[in-house]
Amino acid sequence: MKTSIKNLLKFETSVHPFRKMAVAVAGIFIVTTSFGQNNTATLDATQARYRISKYIYGHFTEHLGHCIYGGIWVGENSTIPNKNGIRTDVVEALKKIKAPIIRWPGGCFADEYHWKDGIGPKNQRPTMINTNWGGVTEDNSFGTHEFLEFCEQVGAEPYISGNLGSGTVQEMSQWVEYLNSDNVSPMTELRKKNGREKSWGVKFWGLGNESWGCGGNMRPEYYADLAMQYGTFLRNYGKNTLNKIAVGPSDDNYYWTEVVMKQMGTSIWGLSLHSYTWGNNETATNFDEAKWFGMLQRTMRMEEYVTKHAAVMDKYDPSKSVALVVDEWGAWYNVEPGTNPAFLYQQNTLRDALIAAINLNIFNNHCDRVRMAAVAQLVNVLQALILTDKEKMVLTPTYHVFDLYKVHHDALMVPVDLKTNAYTFGNSSIPALSMSASIDASGRLNITVCNTDAKLDQPLFCNLKGYKPSSVTGKIINANALNAHNTFDKPDRVKITDFAQASIKNGNIEAKIPAHSVVLLQIDGVFEGRKAMTPPQNIKQGLNFKVYEGQWSRLPDFSQLKAFRTGITNEITIPDNIPATNVGIVYEGYLKVDQDGIYEFSAISDDGSKIEIDGELVVINDGLHGMVEKTGSIFLKKGFHTLKVEFFQAGGGWGLNVLMASPGSEKKPIPSNMLFCQ
Ligand code: AHR
């Protein structure tokens, strides 16, 4: 972490729940919010370092109520328009918001799910009792093939949660083989027999769900041992590397994070966090201002949870190699009257739009550590984006927030220093504004801001550093009642409309953010950050490399060590004839890019590696592990930039692939005509 990064969270009233945290976490993060200064935000594009992973905009589906059956799956013979049994209207809606990743089959259901029951001819699939969710009979007609077909139709990546609670190591390991192997093997043959020739290459894998509760009531010490055991037998097939996600804590259970990180460290791709915002004995639609305020205040605790869990993770993973995956979040109210209490069906109002916007702003602002999330749940359950009733479908206010916020997918997060007014209700106050900002691949600055205040409009002044605006446009989600919601009869009460109350003044942005609204400001202009450099005159093709010897479990400070071999290479690959254990390599030189834009880099390595551009850490994949991929992005101006790649290998298998995606192209090894050295 660079010293230029600012302190976080200096709330200045005595009533806010974040206040204590400010003391505990000072110095570790990049977004500042404080009260009482008439809504001034400083957006510093010169400090943009981290990419907002599109996976933050992920979804969760479970065999629960009408999420899968009726919500996604209607069967091939249904009169409801479908493709291979999957609702066409739902797929189209998800394509529009570019849904990037979908988690399945649970939730609590995942730890009782036996995947072999859900493959093969439908009329031969056994039934089971869904003991978690109403004791209904599950006929397994939606299984592995149907879920992956759904993901393919949407264009989303699958994230599968394996059964660690009541399954076996062999069962989980065979599932991975069934999904990902193209070798000759019993599982590959079984998949082919069931109609799928080519492997799917599933990447994201959950090692159980809520193992501290419905997933087995385990202690973290026991869970971490078990997850290590299961994880060992989940293999990488072909070029696919599996990103394993361990069960993490709920809410403020920092002890769980401490133990699991201590035991599992960087052997995992991610650690999950579940945190729901609970209603105060109310349905989604039936509330007053006190309950509006209460929900928003409670949902803002996500800031505290993410910050404190990230601080614990920093102890065991200072280079932020492991992602915090908030794969269950959202509002949880009493069910709609007259519906099955076990089906968790609730409506969705303007208040839920604010809840979604606040949480997504928090995740964006913490994108150095939060690299995946999933709102619970996608259709017909809890804070759903979509509600269905037989052939009818309606998009909720939460859906519209995901639509508005899709501009942040894979964009560069711009740190925001926000001095916000307080929204006070009774004896309590919360920030009136919540905000995040990013620069997208085209260089456009997108600011999302919501006004939590139920009554007052809020002025906003954005002081832009490193970005010269030329035009500003806007969009807004708002309605004339706090509990406004969309129904099958009136589907457009809450929707996105144009917003014109923003302007440019002296190179900065001024706006008026209406009460209880979510606003997107889109600013075109020139991003002045990260200029290209003038390279030394005597440069030539290739990168310098140096080879070191040593025993490490993390990347050492190579500048303090003496290399035993040096050379020049045209590609970033492990040089021939070097020892296969206890070895480190540093590649250094210049990268020449031929256009301005966001460049994405991947370091796929066994063991640790990292990539730095212009002295900034872009990808970190440190620690002892198998072939694991880590990615990062950076906005580069056309021209030369310094490039440094570090790698070490302790023992066992080893490998290093460094890939780059130029704006608008696929990721591939960095072409040799872009690499230079002295
Ligand atoms: O989303 C509903 C349930 O909430 C999930 O099954 C479980 O993981 C969580 O407790």
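Which side chains does a polar contact of 3.4 Å join? They are those of Ser-605 and Asn-621, a polar contact being a pair of N or O atoms within 3.5 Å in which, within protein, one must be able to donate a hydrogen and the other to accept it, and residues adjacent in sequence count only if both atoms are side-chain atoms. This is a predicted model, in which local features need pLDDT of at least 70 and side-chain atom pairs count only at pLDDT 80 or more, while totals for chains, interfaces and linings use all residues. Residues are numbered from 1 along each chain as its sequence is written, and side-chain values use heavy atoms, with hydrogens and water left out.

**Ser-605**

- Ser-605 lies in strand E33 (residues 597-606); strands (E, at least two residues) and helices (H or I, at least four) are DSSP runs numbered from the N terminus.
- Ser-605 has a relative accessible area of 0%, so it is buried (under 20%; exposed is over 50% and partly exposed in between, with a 1.4 Å probe and protein chains only).
- Its side chain also makes a polar contact of 2.8 Å with the side chain of Ser-609.
- Beyond its neighbours within four places in sequence, Ser-605 is in contact with residues including His-625, Met-627, Phe-647 and Leu-656 (contact means heavy atoms within 4.5 Å).

**Helices H2 and H3**

- Helix H2 (residues 88-96) packs against helix H3 (residues 144-154) at about 50°, and their axes are 8 Å apart; axes are lines fitted to C-alpha atoms, for helices over the stretch in contact, and angles run from 0 to 180 degrees between N-to-C directions.
- That angle makes H2 oblique to H3, because oblique covers what is left after under 35 degrees (roughly parallel), over 145 (roughly antiparallel) and 65 to 115 (roughly perpendicular).
- Val-91, Leu-94 and Lys-95 of H2 meet Phe-150, Gln-153 and Val-154 of H3 in this contact.

**Six-stranded sheet**

- An open antiparallel sheet is formed by six strands in the order E17-E21-E22-E28-E24-E25; two strands pair if DSSP finds at least two bridges between them.
- Strand E17 (412-413) and strand E25 (495-499) are the edge strands, each pairing on one side only.
- Seven bridges link strand E21 (residues 433-439) to strand E22 (residues 445-451) in the antiparallel sense, and Leu-433 stands opposite Asn-451 in E22.
- Helix H10 (residues 350-365) packs on the sheet, and its direction makes about 50° with that of E21.

**Thr-307**

- Thr-307, in helix H9 (residues 301-316), is buried, with a relative accessible area of 1%.
- Its C-alpha atom is separated by 34 Å from that of Val-90, 217 residues apart along the chain.
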